[in-house]
Amino acid sequence: MTRSPAPAAPPSAALSPRDRSVIVLLLISAFVVILNETILSVALPPIMDDLDLLETTAQWLTTGFMLTMAVVIPITGFLMGRFSTRQVFAIAMSTFTAGTLICAVSPAFLPLLLGRIVQASGTAIMMPLLMTTVMNLVPPSRHGQVMGNISIVISVAPALGPTLSGLILSFAPWRFLFVLVLPIAVAALAIGLRRIENVSESDPKPADALSVLLSAVGFGPLVYGLTGISGGGHGGGEAPSGPPTTALVALAVGVVALALFVLRQLRLQRRERALLDLRTFASRNFAVAVGLMVVMMGSMFGVVVLLPIFLQRVLELSTLSVGLMMLPGGLAMGLLAPFVGRLFDRVAPRPLLVPGLAAVVVGIGIMSRVPEQAWLIVVGHVVMSLGLAFVFTPLMTTAMGSLPRRLYPHGSAIVGTVQQVAGAAGAALMVSVMARVAADTTAGGASELEGISAGTSAAFTISAVLGLVTVAIALFIRRNPADAGDRPVDAGPTEPEETVAPA
């Protein structure tokens, strides 16, 4: 039986000063590292001019970041089980700070790329650490409220990145993007090491070397293949020649390695040795939520990638103007997130997810008309962002809250990995659609800009259709019984499966 949700969390649900301090410090640190993820988005042209780089070379500064995230995130479940909270935080922020320093002093492309890879390694660890810590410390009756604060980090930080980058680049060289972040990262690291207390103890289980290898060989090439499979550019007079051979080979290698990785995990989890425990999918809500994330992230990332291209090439807006246009949506999502979190603690996820996803579809639908009026694109982006505010918190909270506590690290790692892979797949699909339609349009006598506009409209229309699929999937998500309770979910015994269940 499911208890009716209480109108407010009881006194026993209050966080202790220690737990509140840990969560606040992790939120601040996560904001810093996620802000860095998008801060380079409008800085590639200045970097190309300064270091004399081709566009295909400079793109590795973002592609390399994404590849590193895809490789590192799957092993964060093991790291959070192997090391204590403070140790994992130290690993994440020390790595991020070192990468930022390397980027700030890089005299050439290769050191800069190395710095971005090191930065990405720290970033990949921080978000799963934050989500797992919150789920462990916060009573289920307040999961939504605190997850709403995490949604602020997830939504506002990426939105501020391009705007902040445009402002800095208007008066300083591109290296100041890292110079200004560096003291903030150092301060967050120093304060965190001094004040963060361990809320979980380490478990000295060694990592399975073969699992680590299969994870790297699987997720890395998979994301590389997905990001490179579009093969077409951003429009032009000639039809795309098709996916590059290297991308197809990487995709095949990734799929085969991941199949072997899954088989390996299914065997190891019987002895509690899995690098990524797939028993998380035994939870119906988790499996449905992850499936919804795949479709939603694929649809959303296509918009995120193509919209700046349209605004800069067709409407001929500056990078600062593009960043400012994206800012209202991000701020609206961040301001609404705490309200949605508190509302989630009182109602089931479905009443929030369905209208939220419907608003996302409407917002993308408005932008699919790619009007020449920039203000109308801002309206569409704000509507989409408001819809996402009603999606992120309920989706993440329902997925993680459906798991036993011992699977929290693995669940957060799976969620992060799914976001990277689905985002890469969605971006590849939308760029392919845009390039194909643009080529067909220009072949019929239209200008290149008209081709880009038509291609962007077609890609956004497909994104909106995918959004309708997410609305249907959301109908299968139910409220977790534990979400109405006052205690975190307990995993129960943690002995190997062979000792607690018959073979």
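Helix α11 has the largest share, with three residues.

Keep in mind that this is a predicted model. Take Val217, which sits in helix α11.

Now to the inside. In soluble globular proteins, nonpolar side chains tend to be buried together. Here the largest nonpolar core has 136 residues, and the members touching the most others are Ile47, Met93, Met126, Met296, Leu311 and Leu395. Helix α13, residues 284–313, provides the largest share of this core, 15 residues.

Let's zoom in on Met296. What is Met296 in contact with, leaving aside neighbours within four places in sequence? That would be Leu357, Leu388, Val391, Phe392, Leu395 and Thr470.

Okay, confidence. The protein has an average pLDDT of 81, and 87% of the residues score at least 70. Going by elements, helix α6 (residues 85–105) has the highest mean pLDDT, 93, while helix α19 (residues 497–500) has the lowest, 38.

And there are two stretches to flag. Over residues 232–239 the pLDDT stays under 50, and the model has 21 contacts beyond four places in sequence for them. Residues 484–503 also stay under 50, and there the model has 47 such contacts.

That's it from me, happy to discuss.

Technical notes
Residues are numbered from 1 along each chain as its sequence is written. This is a predicted model: local features need pLDDT of at least 70, side-chain atom pairs count only at pLDDT 80 or more; totals for chains, interfaces and linings use all residues. Side-chain values use heavy atoms; hydrogens and water are left out. Helices (H or I, at least four residues) and strands (E, at least two) are DSSP runs, numbered from the N terminus. pLDDT is the predictor's confidence in each residue, from 0 to 100. Contact means heavy atoms within 4.5 Å. A nonpolar core is a set of buried Ala, Val, Leu, Ile, Met, Phe, Trp, Tyr and Cys residues joined through side-chain atoms within 4.5 Å. Buried means under 20% relative accessible area, exposed over 50%, partly exposed in between (1.4 Å probe, protein chains only).
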